[in-house]
Each structure stands twice: as structure tokens, then as C-alpha cells.
Amino acid sequence: MMRHLTVGIAVLGVASVATASTTVYTNEADFLAAINDYLLEDFDGYVYGGFTEYTLDIGPMNGYSATISGQGDANSFLWSGDGNMSTNNLTDGLHVEFTGAPTFSTGGFFFSSDISGFYQPGTVTVDLSNGFHYEYDPVSDSDFVGFVSTEELDWAYFFSVDSWVSMDHFYIDSPAPGALALLGMAGLIRRRRR
């Protein structure tokens, strides 16, 4: 019993929040230590204030790719901010469909923004295809959050309760070899202790 408890504490110490299927990282360095090869999109090549069409394909890089779209009102467009991606409509969220190599993790800067695409305080919600739901209040446009799942992810959805949602410094990847096994063990240990 003590050996199981020690492993659980060591695994859970890396993450801010852990569930049976998803670990949340609020430190980018810790997230990078837990993942393997990845796609990183910084959205720097888009014209500020431009409509980016209905969808945006990113990648492939290291086998990972995705399609980003605004989801909500009819005729939902993407809108490029100052080095970030957002939606044209206030009531839309950003939907990311993972289209490349099997994806188990994603992360980046997700924040509420004003009509010009600049950070403003507000709650951001994240929903993953594995059923995981997360809410937080980023304190800047570079407040990192990352998610590592023990189940393959088909999509992720980002929404701002208070304003437009924006994303930057966006990762798509899979955990480093062995990390899924450790995350699975952490989930089992947590279940046993309840």
C-alpha cells in the first residue's frame, strides 16, 4: 500500500489537477516534459483584424494537424488578432478537430479578449472529446494551460463566458513514452483511495 501511495504522490505532484483520464498542467515547462514530438502554432503569419475564413488548417508538423473553426452562430468566421486566433462572433467558441496523428494532449494560451482581440479578464471553458470539462480565469494572454489525456482526443472546444475567446501558442501532441501508463496508475490510485 505504501509503495502505491508513493507512486501516486510522485505522479500527481507534477500536475495541478488530475482525473482518471486527464491531467491539467498550468506550467508550460512541466507540460513539455510530459509530451513527445508536437505541433506548435503561434498564429504569427496572419493579418491583424482579418477574417480568416470559416476554417483554418494547421500542420502537418511531426505528423500532427488540425482544423480550427468558429462554432456557434450561423456563418461563424475565424478572426485573427495580434498573433492569436479568435472568432468573429461574440457568442462563438473555437472548435479544434484533430486530423493528423493520434492526439492525446493539447495546450496553449486561451483567454478572453475584447473586440480588438486583446486580453481582458474573463472565464474560459475547455471541453475535450473524452468528456473532460475545465473552467479557469487566465490573468494574461500568455497564461498557459495544457491537457494530457489517457484517451485519444478527437476534438477540443474553447469558449469564453464573458467575451470573445482567443488562442495562441497552441500545442497538439501526445505524451512522452511511458507517461500514459503513469497517468493511468495515478487515476487507479486515486480511485482506490476514495
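In which strand is the place of Phe98? I looked this up in the model, which is a predicted one, and found Phe98 in strand E9.

**Entry 1: Phe98**

I next checked the accessibility of Phe98. Its relative accessible area is 10%, so I record Phe98 as buried, the cut-off being under 20%. I then listed the contacts of Phe98, leaving out residues up to four places away in sequence; among them are Ser65, Ala66, Thr103, Leu153, Trp155, Phe170 and Ile172. I also took the separation of Phe98 from Ile58: they are 40 residues apart in sequence, and their C-alpha atoms lie 9.8 Å apart in space.

I turned to Phe170, which has Phe98 among its contacts. Not counting residues up to four places away in sequence, Phe170 also touches Leu39, Leu40, Glu41, Phe43, Ile58, Val96, Thr106, Gly107, Gly108, Phe110 and Phe158.

Which members of the largest nonpolar core touch the most other members? I found these to be Phe158, Met167 and Phe170, in a core of 29 residues. I noted the elements that give two or more residues to this core, including strands E5 (55-61), E6 (64-71), E9 (93-98), E13 (144-153) and E15 (164-175). Strand E15 contributes the most, with four residues. Apart from this core I found another, of eight residues, which includes Ala34, Phe109, Phe144 and Val148.

**Entry 2: aromatic pairs**

How many aromatic pairs does the structure hold? I recorded 18. I examined Tyr25 and Phe31: their ring centres are 6.0 Å apart and their planes stand at 65 degrees, so I class the pair as edge-to-face. Tyr25 is buried, at a relative accessible area of 5%, and Phe31 is buried as well, at 0%.

I then examined Tyr38 and Tyr171. The ring centres of these residues lie 5.1 Å apart, with the planes at 70 degrees, so this pair too is edge-to-face.

Is Tyr38 buried or partly exposed? I find Tyr38 partly exposed, at 29% relative accessibility, whereas Tyr171 is buried, with a relative accessible area of 2%.

**Entry 3: the cluster**

Finally, I asked which residues form one aromatic cluster. I list Tyr25, Phe31, Tyr38, Phe144 and Tyr171 as its residues.

Definitions and conventions: Residues are numbered from 1 along each chain as its sequence is written. This is a predicted model: local features need pLDDT of at least 70, side-chain atom pairs count only at pLDDT 80 or more; totals for chains, interfaces and linings use all residues. Side-chain values use heavy atoms; hydrogens and water are left out. A nonpolar core is a set of buried Ala, Val, Leu, Ile, Met, Phe, Trp, Tyr and Cys residues joined through side-chain atoms within 4.5 Å. Buried means under 20% relative accessible area, exposed over 50%, partly exposed in between (1.4 Å probe, protein chains only). Contact means heavy atoms within 4.5 Å. Rings of Phe, Tyr and Trp (its six-membered ring) pair if their centres lie within 6.5 Å; planes under 30 degrees apart count as stacked, over 60 as edge-to-face and the rest as tilted.
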